[in-house]
Amino acid sequence: MRRRWITAAAIGLAGMLALAACGGGGDSSGDGGQGGAARKRVEVFSWWTGPGEADGLKAMRQIFERQNPNYTFFDAAVAGGSGDQARALLASKLQANQPPDTFQGHAGAELQGYIKAGKLEPLDFLYDELKLREVFPEQLVEQITVDDHIYSVPVNIHRSNVLWYNPGVLKEAGVSGPPKTIEEFIGALEKVKQTGKIPLSIGSQWTQVHLLESVLLGTLGTERYNALWTASADWSSSDITKALENFKTIMSYAGTPQEDWQPAAKQVADGEAAFNVMGDWVYGYFVNPPDGGLGKTAKQDFDWAPAPGTDGTFMWLSDSFTLPKGAPNRDGAIAWLKVAASKEGQDAFNPLKGSIPARKDADKSLYKDYLAYSLEQWASNRLAGSIQHGVVANDAWRSAINDAVGLFLQDQDVAKLQQALVDAAKNSGQ
Amino acid sequence: MPRWLPGLLLVSPSIVAIAVFVYGMLGWNFKVALSDQHDEVSEGSFVGLENFINIWQETRWILSVQHAIVFTVVFVGGALVLGWFLAFLMEKGIKGEGGFRAIYLFPMAISFIATGVVWRWLMNSATGERAVGLNALFRFLGLDFLQWQWFRDPDWGMAAMAIPAIWQMSGYVMALFLAGFRGVPEELREAARVDGCNEWQVYRWVILPHLRPVTLAALIILGHISLKVFDLIVSVSGKQIITDVPAIFMWTAVYDAHDPAKGATIAGYIVLSVAIFVVPYLIWNARREKRK
């Protein structure tokens, strides 16, 4: 009996200890940054863990460590495409007032929640000190300004409104070149349909929202598109109806939805489909050697143009770094932001990531083929922000737009879609 | 040393763990659901049942509830019928019963994620020349008229989504029913036959009534899996409205829209809907135990 009691007690205690250890472990890791020698550590929080992007981060890190020998770079990257998981963890850190020294976020409205909750420090002083207002395009500065303050440093730029097409399939269908307007686009889709190929390849639901933003921009024009995200926006107007009707018509030419953007883009590269509207990350996927990419040749297996009706406008999205209030190592974070904003830092990062620098004065010789084209467009085009990638609409709004489009795909009711978009704009709290 | 102490010490870690990680979290979830914490960084204050009422105005919520109902009806019904039928065949003394039993039970060893990946391919919605998976099989067999959109069908998509779930769980239901069949004493069947029952009547009036507890248990197990279904749907179609269910809606509310209160509200509804299944069963079970 006694023996049994001892065993029971031992097991019970062991269990308690195990539980206590779990709790303790969580605490101590949180405090790690406060210790003496670790004080000079700079914790950089990002979701750049994939091929290309992780290399780019490493290149920037080397520059940072060379310029700041007294700081050590601590890579707090959390894996997961587009940062879903990283952002969930980040939110809990910020809520507990244990921010990293600096964190990655999509530039634009996606940061608004943090700004409103007072979690971010304005970076106007840095923009003044480094004269960043002059090196970034004026419209970019304007579009990332929230209530007269800027809260982030954009590191790279991707383009959303790109039409990828297969020259061979177009030729076969008798389409002379990439369509310039929405009407031409619909005509070209019809011609391709006659040949039996897929006119427009499409992926899962979010790629259809991605298509919608290009159709909105192509139908409304840059000015009216940009006005949609201001207080005076009118989502119930007739030109929105027109854009949504266009979207419906274009979607009627779409092939079977693929699982995600890659298989959809692949249909174009493989000559099964004629067109695909997707961001410029498609380029890397097409040309990279097999395993990571498809090993295709630009201009031959595939080609690109601005999405129909959007020539002259660059619909952008951008990764940026921020300065959270109460950052344990504020000076270190500022040193990092300076590297991220610098020509040297951006030119080290972007060729590896497959994007272009936000700065206008980048070293053009580093960017080849699509990236050279994109860089030239970035310098000359007017700018519009992406919906799906967090520039113009905050999370709640973007998510409501996604729901509206998802429901539309079921019922094909344009009036209902427009009403849902009106409500989404009203309820976004932006 | 009181006699109850060692026992209490032995179970106390799990009591603590369950109190914290199940009931504590459940309580916390309802606290968030009853607040207006609509972004992750603000504090949020108590608003009563507002979230629980307002959500019924959302088209997406209504749709996801409808989807969950269709899925549950088809999945639970399908798995029960198929499982019962398989058990019936086994019970009739099929040759190589052990082998068949193993084959039918195997799918249960696979996770819903793996099942989903395979069935996503099988249920590919492309038709005609581009058909793959089951549609290609139909084409090959000259049964082109059977080709359809599977889970992308706007009306019956969720019924298609239930097929992999039925495939996975019917073996388990078979095992339950088989145990139930075997639990009916041979004497009862003999007695019924002696009284002039034909084979059908033996099943209808003697064996089926004995299977009632097993059926109920299977219903509860399948029902609660079905109402919480998440992994299968995510791996087949991801977070798309066309196959939306409450658990997916909860996921996008929390991680895409960054609206914890809404996510917690949906989680609350899921818990309540499962409770509707489980609590009466627990009460019924407790009463039965007492009677014994």
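Trainee: Which residue in β11(A) does A:Tyr165 stand opposite?
Mentor: A:Asp303. Keep in mind that this is a predicted model.

Trainee: How do β8(A) and β11(A) pair, and over how many bridges?
Mentor: Antiparallel, over four bridges. β8(A) covers residues 162-165, and β11(A) covers residues 303-306.

Trainee: What about β8(A) and β10(A): how many bridges there?
Mentor: Three. Those two run antiparallel as well. β10(A) spans residues 273-277. In that strand, A:Asn276 is the bridge partner of A:Trp164.

Trainee: Are the residues on the two faces of β8(A) buried or exposed?
Mentor: Buried, on both faces. A:Val162 and A:Trp164 sit on one side, A:Leu163 and A:Tyr165 on the other. In general, side chains in a regular strand alternate between the two faces of the sheet.

Trainee: Switching to the core. Which residues of the largest nonpolar core touch the most other members?
Mentor: The core has 178 residues. From chain A, the list has A:Trp164, A:Trp336, A:Ala340, A:Ile401 and A:Ala404. From chain B, it has B:Phe71 and B:Phe75.

Trainee: Which element gives the largest share of that core?
Mentor: α3(B), with 13 residues.

Trainee: What are the bounds of the two domains?
Mentor: Domain 1 of chain A is 40-159 + 317-383, and domain 2 is 162-315 + 387-427. Their centres, taken over C-alpha atoms, are separated by 27 Å. Each domain puts 21 residues into the contact.

Trainee: Which elements give two or more residues to the domain 1 side?
Mentor: α4 (112-116), β7 (156-159), α17 (370-380) and β15 (382-385) of chain A. α17(A) has the largest share, four residues. By class, that side has seven nonpolar, ten polar and four charged residues.

Trainee: On to chain B. How many helices and strands?
Mentor: Twelve helices and zero strands. The C-alpha trace spans about 75 × 75 × 30 Å along its principal axes. Buried residues make up 33% of the 292 in the chain.

Trainee: How many residues go into the contact between the chains?
Mentor: 28 from chain B and 30 from chain A. On the chain B side, α1 (4-33), α3 and α11 (246-255) each supply at least two. α1(B) gives the largest share, seven residues. By class, the chain B side has 14 nonpolar, eight polar and six charged residues.

Trainee: Last one, α9(B). Where does it bend?
Mentor: At B:Leu208, by about 45°. The helix runs over residues 199-227, and a proline, B:Pro209, follows the bend within four residues.

Trainee: Which of its residues are buried, and what do they pack against?
Mentor: The buried ones are B:Leu211, B:Ala218, B:Leu222, B:Ile225, B:Ser226 and B:Leu227. They pack against α3 (59-91), α7 (157-182) and α12 (260-291) of chain B.

Technical notes. Residues are numbered from 1 along each chain as its sequence is written. Chains are lettered from A and ligands numbered from 1 in the order in which they are written. This is a predicted model: local features need pLDDT of at least 70, side-chain atom pairs count only at pLDDT 80 or more; totals for chains, interfaces and linings use all residues. The bend at a residue is the angle between axes fitted to the seven residues ending there and the seven starting there. A residue is buried if 20 or more other C-beta atoms lie within 10 Å of its own, exposed if 12 or fewer, and partly exposed in between; C-beta atoms are placed from the backbone. Two residues are in contact if their C-beta atoms, placed from the backbone, lie within 7 Å. Ala, Val, Leu, Ile, Met, Phe, Trp, Tyr, Cys and Pro count as nonpolar, Asp, Glu, Lys and Arg as charged, and the others, Gly among them, as polar. A nonpolar core is a set of buried Ala, Val, Leu, Ile, Met, Phe, Trp, Tyr and Cys residues joined through C-beta atoms within 7 Å. Two strands pair if DSSP finds at least two bridges between them. Domain bounds come from an automatic or database domain assignment.
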